[in-house]
Amino acid sequence: MNLAETQASPRHAGSVLAIIVASYLMIVVDISIVITGLPRIQASLGFSPAQLSWVTNAYTLAFGGLLLLGARLGDIFGRRRMFIAGLSLFTLASMAIGLAQSPGWLLAARAIQGAGAAVLAPSTLALLSTHFAEGPARTRALSIYAAAAGVGATLGLVLGGMFADLVSWRAGFFINLPIGVLLILAARRHIAETPPQPGDFDLGGALSSTLGMTALVYGLVRAADVGWHDGLVPAALTVGVLMIAAFVAVERKVRQPILPLRLLASRERAGAYLARMLFLGGAVGFWFFSTQLLQGVLHLRPLLAGLAFLPVTLPNFASAIAVPRLARRYGNERLLLAGLMLGVLGLLWLGLADAGASYWADVAPPMLLIGLGQGLLLAPLTAAGMAGVGREDAGAASGLVNVAHQLGGALGLGVLVLVFASAAPASAQDSVALAHRISTVMDVAALLLALALLVYWVLIVRPQRRARARQQEALS
């Protein structure tokens, strides 16, 4: 089966895209759906304050640590097969979370859910790349995929608050069962299987990358929980760095690596991965700490706090859907630059909010800018990370995009939590101190987005413009 045969026909393109986007939306929603429901989860199962952070961290560790392995499994065994396997594991783990009767039960199920997501997420992007030809069709598909990534985070906050207030925090996980079953049946009918790639499985690369990613994410998460002084933090980060170095050494020698290092030889793709990490490092500060601003400073209930993110969601969706048309007129690079600049301005504006802030005057307007910017930049940034990738490397490239996404978020959260803790004396616990801490976090998050803008300009925009100028000189 060649690439042309794998690509979706016009008749089935809509169905394929709907299945892929809905599956990815499930992943993104479940990352954030627990945030607004955490107080109810703590009261229901008796989590201690320290244990509660692991409701999110158990998922992040498994997801971030197993992403490259999940991507390679799709390459070797077939992407539709692993798509269905990951979706099945994710759905069953969601059911187990909803039935959890103890903290240990819930945390184990969250880790299994993260493992399912690590198999599912690379398969979604790889299937999109193999079913839609590079050009307008793929640009449109990526814009909708990016809209799911941006809108899903906010949708999870809204749904988490709604279920926690009106039904139960468990409902947000039970709802994945019928959705998951329907998507599995639809995938069997509409998505074409990619041919498995014969060859040896890169066991050394799989083990070293998984252990390295897990150790790095664990070290960052623990630093965010207990601080950098804890002895396990430098130990975990050191192990992570050593294992990643071992992983690179293995990948240079094996015949069929889990991550072909040629993917990093492209300046555009390497810049896209680094810019994505920096962008997520700043964006995670907005999502995580805006929730605290809304509930801890403005004193909104979980449901209202979730609905308060609509000024992000609606512009995000609208601008993401408009990306194909705007890209044809202005080009991907201008959209990405504009999106990052809007994000920087929005975060700086949100950082001005203090204890006396008004939602409509001080919070909603900067959220509007952030939503518009995120909708504009995610599709072009994803396209840059997949640019020029051959069909045989689509799974590995999609895994790298997701690894940059997860590690950027983990690194950003670790740094920004430390910024949050050091922005005011530990004894200051009132809303004034909380607002000051959040303001400082938003300023640092804006700095990370500004660095992403710089990386994109230096590594992608300027070289491309120079290459075009040389081509024009050669033709003249």
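The model discussed here is predicted, with local features requiring pLDDT of at least 70 and side-chain atom pairs counting only at pLDDT 80 or more, whereas totals for chains, interfaces and linings use all residues. Residues are numbered from 1 along each chain as its sequence is written, and side-chain values use heavy atoms, with hydrogens and water left out.

Helix 6 (residues 79-98) packs against helix 10 (residues 176-190) at an angle of about 165°, their axes lying 9 Å apart; the axes are lines fitted to C-alpha atoms over the stretch in contact, and angles run from 0 to 180 degrees between N-to-C directions. The two helices, helix 6 and helix 10, are therefore roughly antiparallel to each other. Their contact (heavy atoms within 4.5 Å) includes Phe83, Ile84 and Leu87 of helix 6 and Leu177, Gly180 and Leu183 of helix 10.

Helix 15 (residues 310-330) shows another arrangement. Its axis and that of helix 17 (residues 359-386) come within 7 Å and cross at roughly 30°, and helix 15 and helix 17 are therefore roughly parallel to each other. Among the residues making this contact are Pro315, Ser319 and Val323 of helix 15, together with Met367, Gly371 and Gly375 of helix 17.

Helix 15 also bends by about 50° at Val323, with Pro324 following within four residues; the bend is the angle between axes fitted to the seven residues ending there and the seven starting there. Just after helix 15, Gly331 adopts a positive phi of about 95°.

Note on methods:
Parallel < 35°, antiparallel > 145°, perpendicular 65-115°, else oblique.
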